[in-house]
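Please keep the sequence and the model side by side as you read.

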Amino acid sequence: MRHTTGTLLAGITALVIATPVAAQDGSQASGQDRAVTVQPYIEVSQILTAQLSPESDQLTFTQVAIGVDTSLRGRNSGASVSVRYERNIGYGDDAVDTDTVSGIARGYLSIIPQNLTLQAGALASRSRVDGGGAVSGNPLVSDDATSQVYSAYIGPDFQTRAGALEIAGNAQVGYNRFEANDAVFDSAGNQVDIFDDSTTFSGRLAVGARPGDLLPIGVAVSASGFQEDSSNLDQRVRDAFVRGDVTIPVSPTVALVGGVGYEDVEVSSRDAVRDVDGNPVFGDDGRLITDTASDRLIAFDVDGLLWDAGVLWRPSSRTSLEARVGRRYDSTTYYGTFSYVPSDRSSLAVQVYDGISGFGGVLNNSLAQLSSDFEAQRNPVSGDFGGLVQSDEGVGLINPLGSIRSSAFRGRGVAASYQQRIGRLNAALGVGYDRRSFIAAENSVLASVDGLVDESYYVTGSLSRNVGRSGTLSGSAYASLFETSGDDNGDVTAFGASAAYSRTIAGRLSARAALALDYFDSEFSDEDFATATALLGLRYDF
């Protein structure tokens with residue numbers, strides 16, 4: 001189940017318009033398509049990092065990394081895995097030694113071909129936390145400024161037919177964790193309660209018929225539920241609804257769509273342990289200690305009518321647009337999707353979304369939308385995964401980490417991705433905007449967070465080209481802007497670019513050279529950070 005409203009409704013629309021809802025990546029590959037690629041490797045590199053501001057300084061260290069990139073495509077299964085462990089070894093008394101694990105995996109296994117498919121995904125990523133609670137990818141090489149994000153989910157998708165009716169659904173359980181080295185404080189000196197870990201549960205069931213199969217119009221009935229349980233103050237998000245949908249064909253390429261139903265949404269938590277003066281108590285990990293004996297506090301409670309209406313446009317098998325406007329969460333909502341695939345060498349996708357969850361729900365949702373056949377785009381210097389994957393189905397993008405606050409929020413935004421292959425040139429681009437309005441009980445320790453808004457603007461891209469028979473030239477760039485209404489000094493700007501060249505020198509041994517420039521500007525500090533990094537190394541593919 002996709003807890004984001006726009007993605008869920010797209011699945012219901014597909015059920016009543018054109019084709020049965022297939023489990024994502026659950027289509028059967030032909031015998032000729034079956035292939036397994038396992039590429040383990042080891043890298044040894046020498047890296048020089050020059051800090052350009054606020055002070056001039058140089059750091060030299062050795063990087064040793066091992067990893068594996070795996071792709072599996074079978075008759076009843078498929079998966080892609082990219083995982084990497086690296087050890088940075090510094091020199092001198094002030095040297096910084098770091099260990100990092102990063103990777104992403106997505107796959108499926110057909111238990112009953114065409115009917116029941118098991119889906120799974122996992123993510124490990126390194127990041128940087130700022131004083132305002134902002135989380136940035138591509139952290140600078142510094143042990144005290146980095147943290148780890150982990151996410152995983154698993155669950156079945158199923159589909160079947162009963163006469164003219166098509167039945168589809170899925171279930172999912174996920175786990176998410178954020179590990180930070182130190183407590184986080186805002187510019188006023190107040191400690192920020194950052195996300196620790198959460199478990200998500202979701203499920204969906206839809207029954208419907210396409211136009212002409214049962215009635216002149218398409219009809220569907222569906223039920224959906226989502227719950228996220230966070231360890232921070234025992235916060236809980238529950239979002240459930242039942243609804244009916246219709247699809248009214250207007251022409252061979254245009255249809256009107258709409259639905260009405262009942263929703264029940266609740267966000268709640270417990271209070272924190274307080275000292276004798278009534279002040280909340282923080283643990284050694286920098287997070288509020290939950291008072292498990294306190295009553296549950298309601299932060300958001302909506303039940304009643306929901307509705308939406310819109311249009312579906314499918315002029316060809318390569319172009320699709322769905323746009324809806326309606327009422328949900330006791331307010332106006334907008335969501336939709338657009339995809340354009342003019343050829344097997346280029347694609348464009350846009351999604352407008354709206355949903356209520358915690359930090360973990362966003363991660364699980366992003367993982368579930370990825371293809372199971374992809375190539376992860378990594379920083380050529382640090383080896384970090386920046387959230388961008390590329391496949392024959394287009395570009396996949398892990399939603400921006402944005403804010404790491406523990407509170408639940410209503411997340412709205414737009415994400416777009418573009419992919420183009422021209423001869424030996426391969427380009428991928430992801431861009432988007434994410435807005436999170438946080439939800440907390442008025443009489444709780446998080447009352448000051450209620451209504452606070454964090455916004456993220458981001459763009460990330462990669463470019464690669466084969467040079468001759470044994471060389472590859474690649475480049476990547478990213479930029480992000482984080483703004484918060486909760487702290488005048490909480491805004492963060494980050495951008496950077498890198499270029500790399502690799503060339504086979506003997507058999508499976510290749511030489512690598514890379515350059516990178518990164519800039520980090522936080523209003524939390526009067527000082528900006530800028531670094532230039534150079535790498536020379538060897539890689540052996542087993």
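## Strands and a surface patch

In strand β24, Tyr-458 is the bridge partner of Gly-432. This is a predicted model, where local features need pLDDT of at least 70, side-chain atom pairs count only at pLDDT 80 or more, and totals for chains, interfaces and linings use all residues. Residues are numbered from 1 along each chain as its sequence is written, and side-chain values use heavy atoms, with hydrogens and water left out.

Strands here are DSSP runs of E with at least two residues, numbered from the N terminus; two of them pair if DSSP finds at least two bridges between them. The table gives two such pairings.

| Strands | Sense | Bridges |
|---|---|---|
| β22 (residues 408–422) and β23 (residues 425–439) | antiparallel | 15 bridges |
| β23 and β24 (residues 453–467) | antiparallel | 13 bridges |

β22 and β23 form a hairpin with two residues between them, and Gly-423 in the turn has a positive phi of about 60°. Ile-422 stands opposite Leu-425 of β23.

Now to the surface: a nonpolar patch there, including Ile-42, Val-64, Tyr-85 and Phe-542, has about 770 Å² of accessible area together. β1 (35–53), β2 (57–73) and β3 (77–90) are the elements that give two or more residues to the patch, and β3 supplies the largest share, three residues. Such patches join nonpolar side chains (Val, Leu, Ile, Met, Phe, Trp, Tyr) within 5 Å, from residues with over 30% relative accessible area and no salt bridge (a side-chain nitrogen of Lys or Arg within 4 Å of a carboxyl oxygen of Asp or Glu). Areas come from the Shrake-Rupley method with a 1.4 Å probe, and for residues only the protein chains shown count as cover.

Ile-42 lies in strand β1.

Note on methods:
Helices (H or I, at least four residues) and strands (E, at least two) are DSSP runs, numbered from the N terminus. Patches are made of residues with over 30% relative accessible area and no salt bridge: like charges are joined within 9 Å, nonpolar side chains (Val, Leu, Ile, Met, Phe, Trp, Tyr) within 5 Å.
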